[in-house]
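Here is a short briefing to read alongside your structure. Keep the viewer open and follow the points in turn.

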Amino acid sequence: MIENLSAAADRVKNLAGSPTVSIMDKARRLKAAGMPVVDLSGGDPDFPTAPHVVEAAMAALKSGFTHYTPSAGIPELLQAIAHKLATENGAKFDPKSEIIVFPGAKQALYIATQTLLNPGDEVLLFDPSWVSYAPCVQLAGGLPVYVKMDLQTSLSELKTRLEEAITPRTRLMIINSPNNPSGQVWTQEQVELVAEVAQQANLLVLSDEIYETLVYDGRKAVSIGGLPGMAGRTMIINGLSKSHAMTGWRLGYIAAPAELARQMLKIHQHSTTCAASFVQKAAVAALEGPRDYTDYMVGRYRLRRDKLVSQLNSIPGIKCELPQGAFYAFPNIAGTGLADLDFTDRLLEAEAVAVTPGVAFGPAGKGYVRLSFANADEILDEGAERIRRFVSNL
Ligand SMILES: Cc1ncc(COP(=O)(O)O)c(C=O)c1O
């Protein structure tokens, strides 16, 4: 490269890549090179997309629905999303001005943070939290501020931690229940507390509800957007990747107050124009179709969760709580004597098992690793067996 031309902008140079995507890519490369890799790193359902959704996309393609759509999305999809938010989450958003469809929920997060944050704005993230929140905040010039939150956190601790973390520069909180990586599903009281604090401190709340359908043991994910006083300050991000096993289709959305949605739409118009046309038709079929396939997948995930967690807990040095939602086990591996980064590196080298180090999810992830049980039963069994062998050989 010619001198000086290879330097990227500082804000990008300083950004870490996505640890989960890079581990998935590494596992794929090793597999392609003939290594018998067990890849438990990514959050990609092993189930196929439901046939009626695939058929809707094929019908759209065959009918020539292959051109640009309105930037925010096709009216019937925006309407279907508004209906879902109103009936399932109690959150009212105008499909004509308050909902935008993106190629993936990740893109919605990126555009939301670009739209909302001025340099130096502080954003509260609950720790541990998904790998892309902090980088998106930083790319927009904002500062992530971590608030520890786990199953042991009491309501009063949560309140105190929030109050201590809030400063005059705090603009936004990002809440994600069920949580990636811990699987924690926030209780009604916890969500209400966050809503109360947001109102008192006049903060915006971004609620990432991508795992809302993946809850176990009779739990229900509470949407903060449906609570009193939260209209006008809540944005909801969701998508079809996890609920409908549609990761590769790239379809996510945001629902936001009209003025913020209008501003976000400008970035979307200039960066992407619109989500893929025929994928939007498929999304209508997914949202309006029967829920039994999602329920079936959740039932299978629950069985896998129970088995994997008990397998992990039978390995000396590993302790794993039962995740309440999503499809990740997040065991503490500190008892093995290895730091989480060493654990993941050496596990991949010695036993060709790919898992994600906990530190990727924030300071509270130290000493943990994340394993996805969105994988076939035999793969999970093989993974657990190899981890057992790896730990016993340490
Ligand atoms: C918490 C969370 N939000 C959003 C996403 C992004 O989903 P999408 O595939 O729609 O971009 C993920 C994907 O892993 C996630 O874990």
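Asn-89 sits in helix H4 (residues 75-89); helices are DSSP runs of H or I with at least four residues, strands are E runs of at least two, and both are numbered from the N terminus. The model is predicted: local features need pLDDT of at least 70, side-chain atom pairs count only at pLDDT 80 or more, and totals for chains, interfaces and linings use all residues. Residues are numbered from 1 along each chain as its sequence is written.

**Around Asn-89**
- Asn-89 counts as buried because it has 21 C-beta neighbours inside 10 Å (buried means 20 or more other C-beta atoms within 10 Å, exposed 12 or fewer, partly exposed in between, with C-beta atoms placed from the backbone).
- Leaving aside residues up to four places away in sequence, Asn-89 touches Ser-223, Gly-225 and Gly-226 (contact means C-beta atoms, placed from the backbone, within 7 Å).

**The sheet**
- Seven strands form an open sheet with mixed pairing, in the order S2-S8-S7-S6-S5-S3-S4 (strands pair if DSSP finds at least two bridges between them).
- Strand S2 (99-102) and strand S4 (143-148) are the edges, each pairing on one side only.
- S2 and strand S8 (residues 252-255) run antiparallel, joined by four bridges, and Ile-99 has Ala-255 in S8 as its bridge partner.

**The ligand**
- The ligand is surrounded by 13 residues, with Gly-104, Ala-105, Lys-106, Gly-239 and Ser-241 the closest (near means a C-beta atom, placed from the backbone, within 6 Å).

Definitions and conventions: Contact = placed C-beta atoms within 7 Å.
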